[in-house]
Amino acid sequence: MTKKYYHLFLNEGEGWEDVFSSYSKQEIEDEWDCYQGYYHPHFSRNWMKKDRKVVTTDGSNEQAVAAWKELNEVTS
């Protein structure tokens with residue numbers, strides 16, 4: 001059984017970027033908390049939950065790239 005690997009993707013305004021990854025979902029939430037209350041430069045407002053996505057992979061680079069591509073295809 002493969003352990004889940006979590007990725008924090010943020011909508012930077014021009015697309016989604018994988019900004020943090022961990023085997024711990026709590027670490028992902030803690031990283032997201034660092035953005036709360038801070039200004040999002042592209043949208044001229046504070047960061048909001050809709051600006052983030054948490055994606056689960058098996059930890060391989062191939063799955064991370066596939067998730068990034070899928071998110072950015074949806075927004076383009």
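User: How many salt bridges does the count come to?

Analyst: The count comes to two salt bridges. The rule asks for a side-chain nitrogen of Lys or Arg within 4 Å of a carboxyl oxygen of Asp or Glu. The general idea is simple: side chains of opposite charge can pair when their charged atoms come close. Note that this is a predicted model: local features need pLDDT of at least 70, side-chain atom pairs count only at pLDDT 80 or more, and totals for chains, interfaces and linings use all residues. Residues are numbered from 1 along each chain as its sequence is written, and side-chain values use heavy atoms, with hydrogens and water left out.

User: Which residue forms a salt bridge with Glu-29?

Analyst: Arg-52 does, with the closest N and O atoms 3.2 Å apart. Arg-52 belongs to strand S5 and Glu-29 to helix H1, so the pair ties together parts that are 23 residues apart in sequence. Helices (H or I, at least four residues) and strands (E, at least two) are DSSP runs, numbered from the N terminus.

User: Is Arg-52 buried or exposed?

Analyst: Read the relative accessible area: buried means under 20%, exposed over 50%, and partly exposed in between (1.4 Å probe, protein chains only). Arg-52 has 16%, so it counts as buried. Glu-29 has 23% and is partly exposed. The other salt bridge joins Arg-45 and Asp-51, at 2.8 Å from N to O. Arg-45 is partly exposed at 21%, while Asp-51 is buried at 2%.

User: What does Asn-11 touch?

Analyst: Contact means heavy atoms within 4.5 Å. Leaving out residues up to four places away in sequence, Asn-11 touches Trp-16, His-40, Phe-43, Trp-47 and Asp-51. Asn-11 lies in strand S1 and is buried, at 14% relative accessibility. A polar atom of its side chain lies 2.8 Å from the backbone nitrogen of Gly-13.

User: How many aromatic pairs does a search of the whole structure find?

Analyst: The search finds three. Rings of Phe, Tyr and Trp (its six-membered ring) pair if their centres lie within 6.5 Å; planes under 30 degrees apart count as stacked, over 60 as edge-to-face and the rest as tilted. Tyr-5 and Tyr-23 make an edge-to-face pair, 4.6 Å centre to centre with 65° between the planes. Tyr-5 lies in strand S1 (residues 5-11) and Tyr-23 in the loop between strand S2 (16-22) and helix H1 (25-33), so this pair ties together parts 18 residues apart in sequence. Tyr-5 is buried at 19% relative accessibility; Tyr-23, at 45%, is partly exposed. Tyr-35 and Trp-47 also pair edge-to-face, at 5.1 Å and 70°. Trp-47 is buried at 9%. Trp-32, Tyr-35 and Trp-47 form one aromatic cluster.

User: In what order do the three strands form an open sheet?

Analyst: Two strands pair if DSSP finds at least two bridges between them. Here the order is S2-S1-S5, with antiparallel pairing. S2 and S5 are the edges, each with a single partner strand, so one side of each has no neighbour in the sheet. Six bridges join S1 to S2. Leu-10 has Glu-17 in S2 as its bridge partner.

User: Where does H1 lie?

Analyst: H1 lies across S1, S2 and S5, running at about 20° to S1. Axes are lines fitted to C-alpha atoms, for helices over the stretch in contact, and angles run from 0 to 180 degrees between N-to-C directions.

Terms used
A polar contact is a pair of N or O atoms within 3.5 Å; within protein, one must be able to donate a hydrogen and the other to accept it, and residues adjacent in sequence count only if both atoms are side-chain atoms.
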